[in-house]
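Subject: Structure handover

Hello,

Please find the structure below, with its sequence. My notes come after it.

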Amino acid sequence: MSQWKQIQHLEIRLLEHVDYLYDDNFPMDIRQALASWIEAQDWETAANDESMATVMFSNLLSELERVRLQEQNFLQRHNMKIIQQQLQVKYTSNPALMARVISTCLREERRILSSTCTQEQGPLEKSLQNSVAFERQKNMDNRVGIIRGSVQLMDQAVKYIEDMQDDFDFRYKTLQSRDQAERNSEQMKQEVTRLQEMLNRLDFKRKEILSKMDVVIKEIDDLMTSQLNPELLNWKRRQQIAAIGGPLLTGLDQLQSWFTLTVQSLFQIKRQLDKLGELVLKVTYESDPIPLQKPQMEERVKYLIYHLIRSSFVVEKQPCMPTHPQKPLIIKTGVQFTTKVRLLVKLPEVDYQLKVKTTFDKDLPPGRVSRQFFILTNNTKVMDIEDYTNGCLSVEFRHLQLKEKKYINGAKGNEGLLSVTEELHSLSFEACFTVQGLTIDLETCSLPLVVISNVSQLPGGWASVMWYNLLTDEPRNLAFFGNPPRANWSQLSEVLSWQFSTLAGRGLNKEQLTMLGEKLLGPHASCSDYQVSWSKFSKENIPGKPFSFWMWLDSILELIKKHLLPVWNENYIMGFVSKEMERTLLKDRDPGTFLLRFSESHLGGITFTWVEHSDNGDVKLNSVEPYTKNRLSALPFADIIRNYKVISDGVVPENPLKFLYPDIPKDEAFGRLYNSHSNVITTPPPSQSPEPPMTPGEFDMLNEHLCTFDIDTVSVQTLLFGGLTLDYLCMKG
């Protein structure tokens with residue numbers, strides 16, 4: 001079943017996440033219309049290859065045109081034409097951007113599908129789901145709705161007071177216009193009594209409206225403190241976890257609605273207070289409650305408006321290099337990166353020419369870092385109507401770039417305290433605007449960034465990003481790695497599984513995580529609350545190896561992503577198996593049973609081991625030298641398994657691999673992954689660690705060389721070619 005068909009069978013909750021992926025940058029109409037074709041393309045490679053992206057963009061437009069012409073529905077055909085035109089405008093000058101957008105969408109779809117296959121949710125994911133429980137959202141909707149209703153009723157009450165006061169004012173001025181003789185009449189005395197009753201009634205209504213306002217203001221204050229701000233903090237925490245591969249981040253539309261309705265209520269109360277102030281100028285009296293209570297209430301309302309709008313200024317998309325969309329918060333000097341900020345209030349009064357300025361390492365304490373940087377490109381951009389998101393102001397910086405400051409005599413200050421990948425930085429955003437007489441300064445900042453100068457530092461930088469966002473929700477703890485906290489294995493293992501979901505489409509199961517835990521911690525892995533130090537995870541070498549645990553695991557992730565993805569997603573790679581466990585699993589299996597595991601001695605290597613039974617019943621395990629990226633670049637791994645042959649005691653070469661553990665026939669498991677154009681027959685000599693098969697190119701060259709001999713038959717010969725030993729029988733004619 002295609003990925004898109006699987007997506008359409010998801011439950012509604014997950015379909016909402018899918019809906020969030022698609023917008024004008026990549027409309028869902030295209031995903032639906034070209035589902036199979038889109039999934040057959042290598043968008044990730046195209047995202048980093050301009051010429052390939054150009055060809056694929058042209059092909060996409062052609063495919064879309066073909067589907068459009070076949071469409072029978074006139075309206076749908078018209079919509080497709082509009083989409084075609086929009087895509088041409090958006091991506092003709094930058095087709096690689098389109099490839100990155102599509103690649104990201106497909107990857108996130110795989111993450112959603114992967115989440116449905118997980119047998120057990122980890123502690124982090126459970127806590128995140130609890131924080132956005134449906135009942136909490138429902139309660140929030142009700143409270144915001146009640147506040148809006150109360151404010152609307154107060155509008156009517158203010159209007160009633162205004163009408164009552166106008167009536168009183170008219171009667172009072174009419175009475176004042178009468179001459180002295182009329183004022184002493186009985187009729188006039190009755191009128192004075194009625195005016196006093198009206199004034200008493202007016203005073204009561206003024207006190208009543210002020211009391212209701214006070215109640216609503218307190219309700220808004222409590223709403224902000226107890227629910228609205230915590231919901232925003234929960235969203236920010238979910239953003240942190242999503243950044244390191246966790247559950248997909250929900251959109252900001254719901255928060256925007258709450259923020260907007262709440263701030264609209266506050267502005268409406270402010271206008272009501274202004275109206276009451278106008279009424280006082282016309283009619284006032286001794287002990288008038290409005291002059292006594294209005295100033296304090298106005299200050300409270302202004303305070304709430306100010307802080308509500310300030311808190312609504314958020315980083316919607318954390319800084320990320322488009323070349324590494326799965327690893328945000330790592331910035332390489334000289335490489336462009338993108339980020340996006342958003343204001344979660346929809347106010348027609350806001351000045352739309354709102355300038356946002358970005359600053360790198362603003363107010364950084366002296367001597368805190370060994371390196372300093374500045375933004376090389378334009379760091380100011382205007383929020384305008386073209387950058388609206390669902391009616392709310394937002395602005396995306398797409399071409400920011402960092403450059404390191406030069407130092408006199410090469411001095412860099414406090415150098416050497418932290419490694420480059422442990423040194424944290426921040427990106428700040430500032431703006432200022434005036435609304436209804438209130439001047440509001442906006443400021444927010446990104447999550448801490450790691451700045452690298454070479455791509456070789458990327459794995460170490462990503463380890464720092466994961467560790468930080470796993471263990472703290474502080475947005476600006478730049479001294480974090482001065483004394484990094486330990487992580488519980490239960491949470492760390494969950495994050496490691498997410499890395500496989502993000503990069504390879506399928507996370508790790510319980511058995512694989514247990515094996516990883518034993519690799520890192522030994523027998524302590526059975527205790528989910530075992531504490532793992534930062535040094536143990538990322539800095540110390542594995543005993544007897546020249547690399548750390550994380551460098552080893554990251555190299556495996558890269559190997560899967562670039563060379564093993566089809567085999568990994570079929571769940572054929574057991575992966576993390578010690579040699580002791582390997583023997584336990586294979587010793588009682590049929591001869592030719594093999595399993596696939598990642599090398600423990602090489603960075604980024606995969607090997608297979610098969611079992612043989614001798615005539616006397618002895619069990620022998622044979623393993624090949626690990627295949628690394630260099631070897632796997634020459635031939636797909638499934639074809640290596642299909643064509644693998646060995647020679648033993650001079651007999652005809654045969655493939656010793658019969659059954660994928662536990663008992664799946666080899667061709668049944670890998671048949672659909674074979675490359676029909678690859679028919680290499682390779683037979684390494686007998687060895688506990690046979691060499692990989694030669695490439696098709698090597699085979700063709702050797703074949704051509706041998707068959708030029710003027711002989712009828714060449715008997716079995718042993719020839720050396722490219723470091724490989726090949727037994728080859730060539731028949732002429």
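This is a predicted model: local features need pLDDT of at least 70, side-chain atom pairs count only at pLDDT 80 or more; totals for chains, interfaces and linings use all residues.

Residues are numbered from 1 along each chain as its sequence is written, and side-chain values use heavy atoms, with hydrogens and water left out.

Start with helix α7, residues 74–91. Helices here are DSSP runs of H or I, at least four residues long, numbered from the N terminus. The expected span of a helix is 1.5 Å times one less than its number of residues. For the 18 residues of α7 that gives 26 Å, and the end C-alpha atoms are 26 Å apart, which agrees. Met 80, Ile 83, Gln 84, Leu 87 and Tyr 91 are buried in α7; buried means under 20% relative accessible area, exposed over 50%, and partly exposed in between, using a 1.4 Å probe and protein chains only. Viewed down the axis, the buried residues of α7 fall within an arc of 105°, so they line one face of the helix. That arc is taken from the directions from the helix axis to the C-beta atoms. On the other side of α7, Phe 74, Leu 75 and Val 89 are exposed.

Next, Leu 228, which sits in helix α12 (residues 186–243). Is Leu 228 buried or exposed? Its relative accessibility is 0%, so Leu 228 counts as buried. Leaving aside neighbours within four places in sequence, Leu 228 is in contact (heavy atoms within 4.5 Å) with Met 140, Leu 223, Trp 258, Phe 259, Thr 262 and Leu 308. Leu 228 and Leu 255 are 27 residues apart in sequence, and their C-alpha atoms are 8.1 Å apart in space.

Ser 538 belongs to helix α18 (residues 534–539). At 15% relative accessibility, Ser 538 counts as buried.

Last, the cysteines. The structure holds zero disulfides, a disulfide being a pair of cysteine sulfur atoms within 2.5 Å. Cys 105 is buried at 4% relative accessibility, whereas Cys 432 is partly exposed at 42%.

Regards

Conventions
Helices (H or I, at least four residues) and strands (E, at least two) are DSSP runs, numbered from the N terminus.
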